[in-house]
Amino acid sequence: MKIKTLLSSVLILIIIVLPRMTLASSLSFSPTSQKVAKGELLKVGVYISTEGEDINAVTGHLNFPSEMVSVDSINYGNSILSFWPEAPHKTSGGVISFSGVTPGGYAATSKGLLFSVVFKSLKEGSVDLSLSDYMALKNDGEGSKVSLSSGTSSIVVTPVSSSITTSAGTDASKNLSQEAIVAKDGEAPETFIPLVGDHQDIFDSKYFIVFSTTDKISGIDHYEIQESVWNYAAPSSWVKAESPYLLRDQKLHSYVFVKAFDRAGNTRMETLYPLYPQKFYQSIAFWVIIILVTFFVVFFFKKKLRSEICPTNNENQNRS
Amino acid sequence: MEKSNHYFKTILSLLFFGLFFGSVSASDISSTHFIISDPVIGTSGGYQSSGSFKMFGTGNSLFSALGSSVSFISDYGFLYFPFINSGVLGGSVNSSDVNLSWTASTAGLGFNVSGYKIGRSLTSGSGYTFNSVGNTLNVIYASQPAGTYYFIVQTLDGLGSVAATSNEVVLTVSSTVVPPTQTGGAGGAGVPISTGAIFSGRAYPGSKVFLSKDGQLAASTVAGGDANFTISLTGLSSGDYLFLVYAEDQAGRRSTTFTFPVTLTSGATSNIGGIFIAPTIATDKDEVKQGDNLTIIGQAVPNGQVSISVHSSPELFVKTTSDKYGGYVYNFDTSVLDMGDHLTKSKASLSDAPIISAYGRAIGFKVGDKNVYSQNPVSTPETPVVVNPTCGVKADLNNDCRVNLFDYSILAYWYQKPQVSSKVDLNHDGKVDLIDFSIMAYYWTI
């Protein structure tokens, strides 16, 4: 009787607890296991499953044995996270740090990609990828933490002579190379809207510009900026820039051109029109023209005056 | 005989007075909050003015004559005023052409519409350059340079003065794709591929609908009178996107956001339909005296069923219907609620289709021993009071009533720096970290 009661209690507990356990948010790798030959490239994606829970920020560390694999590239252009206070990057040793947010929240039932890493295998043996110091925050306006678990990924690096190094495997590795990704990227970065403003806590309240965009295939490489009084960008006046960027023209009379470059060299240029367009009388060109016209008019009338005076003088001379 | 004559005269007299009084009474004026019985229509509403004031007023309607002197005129009865309503402006971008169209303005009681002016600006809410366009209801700005443009339409009265201003429409002309300078590579590098998405659904009649792509404004439009909206995005890449849609009702109340991840295929246009934005909600009181009514109000689809939930113990559900403008009102009797804090939220369904929205934003109120009226006055479709829910929120770091990339950049500037400004430390823990970004992401408006 007691055993029956105990079993019933355990069963009820399992029924209550199990769904909660399975529905908790989790970080995972994909694929969870793979084999590559030494010297080849392999790609691993880091995903989050929220099981419908509304989250808007994720942070963590991806740990890898740096003596076994090295980071070839990191791509987050296809991420569910739109902005990165700390974009995925390799820190000291075998750690990739990341912190990103998604405005408005993410509450899908399917797993969403955070970022992907292409590793290069350096040594034969077993490689374990894991996550640590991770945290996901609810989209509740208070930054409450979500109960979060994490998975691992296992990689077996085989000798070069292994049967795994088939032509298909080598081709897959080649397709992951930076060169291959760049070669297949024929699309420009996404459209974006630069914003101008000032704030007492940045650049001593001077005007600055902010901008951000993504590239879905090869990723953003860098941005360049040009300020000009003309409504077109000169080919040679670009400067590399990062957001936020302190504007040179603090009177905001200038056009500001912001160009985003992806790693394949495709560019997207956005134009910000002058917030306070220059009045015609404020331009140097206007005054140069005015001076030239004045000079011409004076010269013309002077010449005309001389030609009118001269005939009179001639007449007088004739009379005398 | 004499007695019957007396009855006859009495009936005639009653009929006469009945007819007389019947002819004097106008029809009642009613709203959701009041009824004015037997109003007497007066003269047109003029006003007195000087350099510093204008005065409107009504007198006691029992007076039947005008009172006047050298310096004033008294008009009795209900004043009426000439009016001009603004049109509803919508727009789209086709390649580099900007197409604008708007509904005709209506005028009456002495005013008429003589034409329209289009205002174009590069910043929202100011700096417009105006062009008169006559009586047309659409305009095309061809071959516009890449950039974001803000448009409004002004309605001109018979004297050519501006009498009404429409909603603002934001349109972005995308820049052209510049191919890479290097040669070679697979996939036809540099060839523009048309990839896009079309978003459609229901919001509220005349509401502004905003669409963001990966956290940045991609397009906005105005929902039609039937609450339907469609937004078309072109020039996208193949890949994963996170789109976000929300609406602002006619009173400026913001809906909850509708977020959805979409994977786009190169060269194809994806249709994302069936978006049903949850109703907006507001209450007339922040604290209500137990037993008094709490007015719950908002905007939903027109002629829809609105289910209102009041979080209590147990949770209470009431239903009402929205009017043809989508406005809904429910006077909730708080005698059934315990003293203390409560939440209320609403969802909408269509009467002619089995479609139900999710619950919208939950707002709080308190049941206590006094009435404390809301700082944001209750707005109705007839008398809209525009409130901006983003103004004053802590995540709006530059106080422009928006939480967007600009505020994000300010926060990012202070990320993990020592001695941060208290203004940017959103949770007041002495540092700017991911929690502050999470709070900002919650209040995001594009």
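1. A residue is termed buried if 20 or more other C-beta atoms lie within 10 Å of its own, exposed if 12 or fewer do, and partly exposed in between, with C-beta atoms placed from the backbone. By this criterion, buried residues account for 36% of the 320 residues in chain A. The model is predicted: local features need pLDDT of at least 70, side-chain atom pairs count only at pLDDT 80 or more, and totals for chains, interfaces and linings use all residues. Residues are numbered from 1 along each chain as its sequence is written, while chains are lettered from A and ligands numbered from 1 in the order in which they are written.

2. Chain A contains four helices and 18 strands; helices (H or I, at least four residues) and strands (E, at least two) are DSSP runs, numbered from the N terminus. Of the contacts in chain A with a separation of 6 or more, 71% are between residues 24 or more positions apart, a contact requiring C-beta atoms, placed from the backbone, within 7 Å.

3. At the interface, 57 residues of chain A are in contact with 60 residues of chain B. On the chain B side, at least two residues each come from β16 (147-156), β21 (216-222), β23 (239-248), β24 (258-264), α2 (405-413) and α3 (434-442). This side of chain B comprises 32 nonpolar, 25 polar and three charged residues; Ala, Val, Leu, Ile, Met, Phe, Trp, Tyr, Cys and Pro count as nonpolar, Asp, Glu, Lys and Arg as charged, and the others, Gly among them, as polar.

4. Gly197(A) lies in strand β12 (residues 195-197) of chain A. Gly197(A) is classed as partly exposed because it has 17 C-beta neighbours inside 10 Å. Beyond residues up to four places away in sequence, Gly197(A) touches Asn398(B) and Phe406(B). Its C-alpha atom is 6.5 Å from that of Ile209(A), 12 residues apart along the chain.

5. Not counting residues up to four places away in sequence, Met440(B) touches Ala395(B), Val403(B), Asp407(B), Tyr408(B), Leu411(B) and Leu426(B).

6. In chain B, six strands make an open sheet of mixed pairing, ordered β30-β29-β32-β33-β27-β34; strands pair if DSSP finds at least two bridges between them. β30 (316-321) and β34 (372-373) of chain B are at the edges with a single partner strand each, so one side of each lacks a neighbour in the sheet. Strand β27 (residues 285-289) of chain B runs antiparallel to β34(B), joined by two bridges. Glu287(B) has Val372(B) as its bridge partner in β34(B).

Terms used: Contact = placed C-beta atoms within 7 Å.
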